[in-house]
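User: I am new to protein models. Can you show me how to read one, feature by feature?
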Amino acid sequence: MQSRGCLCKMESPASFTGGEAYLKDFNPAVYLKTYYSFGSSHCQGNEILELNLRSLYKIFISGGLKGDTLIDIGSGPTIYQLLSACENFKEIIASDYTDRNRQELEKWLKNEPGAFDWTPVVKYVCELEGDREKWAEKEEKLRKKVKQVLKCDVSQSNILAPVSLPQADCLLSTLCLEAACKDLNSYRAALKNISSLLKPGGHLVMVTVLKETYYMVGQRRFSCLYLEWESVEEALREAGYDVQCVEVTPNCSESAFSDFETVLSLVACKRPAENEQERALAQGKGQGWP
């Protein structure tokens, strides 16, 4: 979570924290305690977490987005983003760049001692869905539906290499690309890279933050790409998507842990290949090509 920066911070390579910094310094236990200790006075992200849970509930439950396979891009050590989605998809593939995040996620999925306690978050989602007491059932359902936890690198054309998967019905990405990308060019490239995993006509669900430059994990500061809605919209269009719905919520809380201004959640549909060809042809003619 992360932006309130000035424009000069938008692309500042010197402060970019890349993959090596995440491998070395990103502590999943500290991250979880800081942002996901739901209902705790120690947690700095309760309002944003609740907002994101409600947004995902509206998309997957109220909106009825469903299918066979969902791939979660940049899961981190978290499961909150999958709690509503698991009701409407038969199988889920989680992924993350760092070994420690994947290990933390696996620890919860295997119900091992020392795993992060997601119960208050699960109960909140169950309450949204109409029955707070079904939290244990939902936990079990999610554990069964997550079939793999894979290494991913959004900077690569095959982000799950060496694994190759059939295209999915839905891609989910929450608070990932803005942290993983150094500048707008790499952001646009990453969107195209992840899109190769999605069927034409499939849906991309994104939760991201706008106008953020950093977020904190313990004493470690991690960079975030300063994004405005227009940049995100253009990148989606270039990657072959039609945006279907958007929700924008200003950040009303002050925090030293991050400086984002707005939370953005959206659903976009991947255009069929023939539509892309027609669109490219139309653009070419508009530019005076033969």
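Analyst: We will go through the sheet, the helices, the rings and the backbone in turn. Keep in mind that this model is predicted.

User: Start with the sheet. How many strands form it, and in what order?

Analyst: The general idea comes first. Strands of a sheet pair through backbone hydrogen bonds, either parallel or antiparallel. Here, seven strands form an open sheet. Read across it and the order is β3-β2-β1-β4-β5-β9-β8. The pairing is mixed.

User: Which strands stand at the edges?

Analyst: β3 (146–151) and β8 (241–250) do. Each has a single partner strand, so one side of each is left without a neighbour in the sheet. Neighbouring strands are turned against each other by 15° on average, direction ignored.

User: Show me one pair. In which sense do β1 and β2 pair, parallel or antiparallel?

Analyst: Parallel. β1 covers residues 67–73 and β2 covers residues 89–96, and four bridges join them. To find your place, look for Gly67, which stands opposite Phe89 in β2.

User: And what about β6 and β7?

Analyst: Strand β6 (residues 214–217) and strand β7 (residues 220–223) pair in the antiparallel sense, again over four bridges. Tyr215 stands opposite Phe222 in β7. The two strands make a hairpin with two residues between them. In that hairpin, Gly218 has a positive phi near 65°.

User: Now the helices. Where does α4 lie?

Analyst: Helix α4 (residues 99–109) lies across β2 and β3. The angle between α4 and β3 is about 165°.

User: How do α5 and α6 cross?

Analyst: Look at the axes of α5 (residues 119–128) and α6 (residues 135–145). They come within 9 Å and cross at roughly 105°. Angles of 65 to 115 degrees count as roughly perpendicular, and these two helices are therefore roughly perpendicular to each other.

User: Which residues make that contact?

Analyst: From α5 come Thr119, Val122, Lys123, Val125 and Cys126. From α6 come Trp135, Lys138 and Glu139. By type, they divide into four nonpolar, one polar and three charged.

User: Next, the rings. How many aromatic pairs does the structure hold?

Analyst: It holds 14. Ring pairs also link residues into a cluster, including Tyr22, Phe26, Tyr80, Trp118 and Phe257.

User: Which charged residues lie over rings?

Analyst: Here are two cases. The charged end of Lys151 sits over the ring of Tyr97, 3.8 Å from its centre. Arg221 lies over the face of Tyr214, at 3.9 Å from the ring centre.

User: Last, the backbone. What should I look for?

Analyst: Look for exceptions to a rule. Most residues other than glycine have a negative phi, and most peptide bonds are trans. Asn111 is not a glycine, yet its phi is positive, about 55°. Find Asn111 in the loop between α4 and α5. The peptide bond from Ala161 to Pro162 is cis, with omega near 10°. Pro162 is in the loop between β3 and β4 (168–174).

Definitions and conventions. Residues numbered from 1 in each chain as written. Predicted model: local features only at pLDDT ≥ 70, side-chain atom pairs only at ≥ 80, totals over all residues. Heavy atoms only, no water. Axes fitted to C-alpha atoms, helices over the stretch in contact; angles between N-to-C directions. Parallel < 35°, antiparallel > 145°, perpendicular 65-115°, else oblique. Contact = heavy atoms within 4.5 Å. Nonpolar A, V, L, I, M, F, W, Y, C, P; charged D, E, K, R; others polar. Phe/Tyr/Trp six-rings, centres within 6.5 Å; stacked < 30°, edge-to-face > 60°. Lys NZ or Arg CZ within 6 Å of the ring centre and 35° of its normal. Pairing = 2+ DSSP bridges.
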